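Subject: Handing over the structure

Hello,

Here is the structure I promised to pass on to you. Please open it alongside this message, and my notes will follow just below.

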Amino acid sequence: MTTLTPPAPTRHTAPRRHPDRPVWEEPPTAAGQTTKGLTLAVVVALILGPLYCVVLTSISTPAAINRAGGLVLVPDGITFEAYRTMLSGGPVRQSLLVTFGVTLVGTAVSMAVSVLCAYGLSRARSFGHRFLLLILVVTNSSAAA
């Protein structure tokens, strides 16, 4: 005569779709998606809130800035006079032009060097391949330090 014993209670877990994949590759749960969404919303609010205040203050009239105590949250009067004054000439305009010029030239040179290096390094048997790769790795790692 055999006695039947009830199966041991097991902890109920949601079945994984692909048991051969790691857990982090599984689709997120509803709680996980909600947490990610809330975290993203908080980060975006922390970034856009101060930016909103700075932009509103920059386009407000001096009287509205004085009434608000320096920090404008609700626009009262909108004017672009500060931007007109700043960009009409003088050192700020000159600095902006120099900045744009340096950025354009630097970006163009960087892209040209990157494309040429990528093409050359994609050929494993090319002349100086290992030396050039070593130089790029050393300069990139030392620039980050």
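Below is what I found, going from the overall picture to single residues.

First, a word on confidence. Please keep in mind that this is a predicted model. The average pLDDT over the chain is 85, and 86% of the residues score at least 70. Among the elements, helix α1 (residues 30-58) has the highest mean pLDDT, 95, while helix α5 (residues 129-144) has the lowest, 80.

Now the overall fold. You will find 5 helices and 0 strands in the chain, so that reading from the N terminus the order of elements is α-α-α-α-α. Of the 145 residues, 8% are buried. If you take the contacts with a separation of 6 or more, 6% of them link residues 24 or more positions apart. The accessible surface of the chain amounts to about 12,500 Å², and carbon and sulfur atoms account for 71% of that.

Part of that surface deserves a look of its own. I78, F80, Y83, M86, L87, V92, L96 and F100 together make a nonpolar patch of about 720 Å². Two helices, α3 (81-87) and α4 (91-122), each contribute at least two residues to the patch. Is Y83 buried or exposed, or something in between? With a relative accessible area of 33%, Y83 is partly exposed; the cut-off for patch membership is over 30%, so Y83 passes on accessibility.

Next, the charged pairs. How many salt bridges does the structure hold? There are 2 of them. In one, R67 pairs with D76, and their closest N and O atoms are 2.0 Å apart. R67 is exposed, at a relative accessible area of 56%. The other joins E81 to R84, with 3.3 Å between the closest N and O atoms. These two residues sit 3 positions apart in helix α3, which means that about one helical turn separates E81 and R84. E81 itself is partly exposed, its relative accessible area being 41%.

A disulfide is a covalent bond between the sulfur atoms of two cysteines. Searching the whole structure for disulfides gives 0. C53 is buried, with a relative accessible area of 13%, and C117 is buried as well, at 15%.

Finally, have a look at H129, which is found in helix α5. Its relative accessibility is 16%, and because buried means under 20%, H129 counts as buried. Which residues does H129 touch, leaving aside its neighbours within four places in sequence? The contacts of H129 are then G120, L121, R123 and A124. When you look there, remember that helix α5 is the element with the lowest mean pLDDT.

Best wishes

Note on methods
Residues are numbered from 1 along each chain as its sequence is written. This is a predicted model: local features need pLDDT of at least 70, side-chain atom pairs count only at pLDDT 80 or more; totals for chains, interfaces and linings use all residues. Side-chain values use heavy atoms; hydrogens and water are left out. Patches are made of residues with over 30% relative accessible area and no salt bridge: like charges are joined within 9 Å, nonpolar side chains (Val, Leu, Ile, Met, Phe, Trp, Tyr) within 5 Å. Accessible areas come from the Shrake-Rupley method with a 1.4 Å probe; for residues, only the protein chains shown count as cover. A salt bridge is a side-chain nitrogen of Lys or Arg within 4 Å of a carboxyl oxygen of Asp or Glu. Helices (H or I, at least four residues) and strands (E, at least two) are DSSP runs, numbered from the N terminus. Buried means under 20% relative accessible area, exposed over 50%, partly exposed in between (1.4 Å probe, protein chains only). pLDDT is the predictor's confidence in each residue, from 0 to 100. Contact means heavy atoms within 4.5 Å. A disulfide is a pair of cysteine sulfur atoms within 2.5 Å.
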